[in-house]
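Dear colleague,

Here is the structure I promised to hand over, with the sequence alongside. Please have it open while you read the notes that follow.

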Amino acid sequence: MLVQSSRFRFRFLFPPIQKRIPSSLSFSVASSAMDSASPSMLFLCGKSSSEWEVAKSLKINDTLNLPNGGKVSALLQSEINTFRFGEYAFNVDLFLNSLSTKRFGRFLIWSPLLPSTHDVVSHNFCELPVGTVCVADTQFKGRGRSKNAWESPRGCLMFSFTLQMEDGKTVPLVQYVVSLAVTEAIQDVCDRNGFPFINVRIKWPNDLYLNGLKVGGILCTSTYKSKKFNVSCGIGFNVGNEKPTTCLNTVLKELSTTPNEFRREDVMAAFFNKFEMFYDIFINQGFQTLEELYYRTWLHSGQRVIVQEKNEDRVVENVVTIQGLTSSGYLLAIGDDNQMCELHPDGNSFDFFKGLVRRKLE
């Protein structure tokens, strides 16, 4: 893979990554065909009486809405059974019963069809309890990096949740905590159900890979208000949809002789159970405490990169080896000349930070 900017370019030497395909995404369904004047149905659900009271208040006050004047119909968890959504609908009770957190995921918004879960939580951030999660069976205007819009099919796990942070220096690192929680959640589900080991890996900065194919992606956005960062984290992961790449259940069938399957509800509950634990460590002790586990999960330790720097009419090539992450969350690499450099993402690719700083190893 070769990436070029006006100043630098570099490419990975190994290991090869197969297709660069967006996570959990269908290919050609026109969003305009799915978008209608009908309000999006949002079912407000909670694990305890305190969350139920929040749900009732939001419904009574008709508080929630979507960007650009989008309308929603807020309904309570008790009203789900008055509709027939079919066997593929998200099982709210199964998720909440599997959840053991104190903050994250306890207030749940579920929708059978939604433009974007990320828009629901980010647009209504101040109206929702911190830790709220929105999950949809199908979404047709999902958000990705560089303002990409993704259409996501049935069988994909698509959810977004909120958190609040005070230290702006740690905000860019939270996506790595989310990534780690996803991979560890998959292993937890495997262990609990006796499934074979499924090795989901992290491709920096925010992609998830399985058997060399992209199966998930993470998007974290933030706004600053009242001396706090309001962070919205979105996750898309291929659980039961084998197209356009592969999914957990396809790989599980190849490894298992029994008809086992991953359920979206189990994966999402396991994610929040792991994330809350990792997040507390992250906030109280720093990301360094999680780095060893993170590096065991990502694809890049020891990966070689060719760096090409334009100097007037000449192109100078250097080979660097990825060592880990810098304190600010970018890739740390060392050259064959023993000089350090920092690699930064640019859109959907990688790019060097302008004004790249190099320093010798101590």
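**Strand pairing and aromatic contacts**

Strand E11 and strand E12 (residues 228-238) pair in the antiparallel sense over ten bridges; please bear in mind throughout that this is a predicted model. Within this pairing, Gly217 stands opposite Gly236 in E12, and in the hairpin of E11 and E12, which has two residues between the strands, Ser226 takes a positive phi near 55 degrees.

On its other partner, strand E11 (residues 213-225) pairs with strand E10 (residues 207-210), again in the antiparallel sense, over four bridges, and here Leu208 has Gly216 in E11 as its bridge partner. The hairpin of E10 and E11 likewise has two residues between the strands, and in this hairpin Asn211 takes a positive phi near 55 degrees.

Turning to the rings, the structure holds 28 aromatic pairs. One of them is formed by Phe83 and Phe85, which are stacked at 5.5 Å centre to centre with 25 degrees between the planes; Phe83 is partly exposed, with a relative accessible area of 35%, and Phe85 is partly exposed as well, at 27%. The rings of Tyr176 and Phe287 have centres 6.1 Å apart and planes at 55 degrees, so this pair is tilted. Because Tyr176 lies in helix H5 (residues 174-193) and Phe287 in the loop between helix H7 (264-285) and helix H8 (288-297), the pair ties together parts that are 111 residues apart in sequence. Tyr176 is buried, with a relative accessible area of 3%, and Phe287 is buried too, at 4%.

Finally, the charged end of Arg154 sits over the ring of Tyr88, 3.9 Å from its centre.

Methods. Residues numbered from 1 in each chain as written. Predicted model: local features only at pLDDT ≥ 70, side-chain atom pairs only at ≥ 80, totals over all residues. Heavy atoms only, no water. Phe/Tyr/Trp six-rings, centres within 6.5 Å; stacked < 30°, edge-to-face > 60°. Buried < 20%, exposed > 50% of the residue type's maximum accessible area, 1.4 Å probe, protein only. Lys NZ or Arg CZ within 6 Å of the ring centre and 35° of its normal. Pairing = 2+ DSSP bridges.
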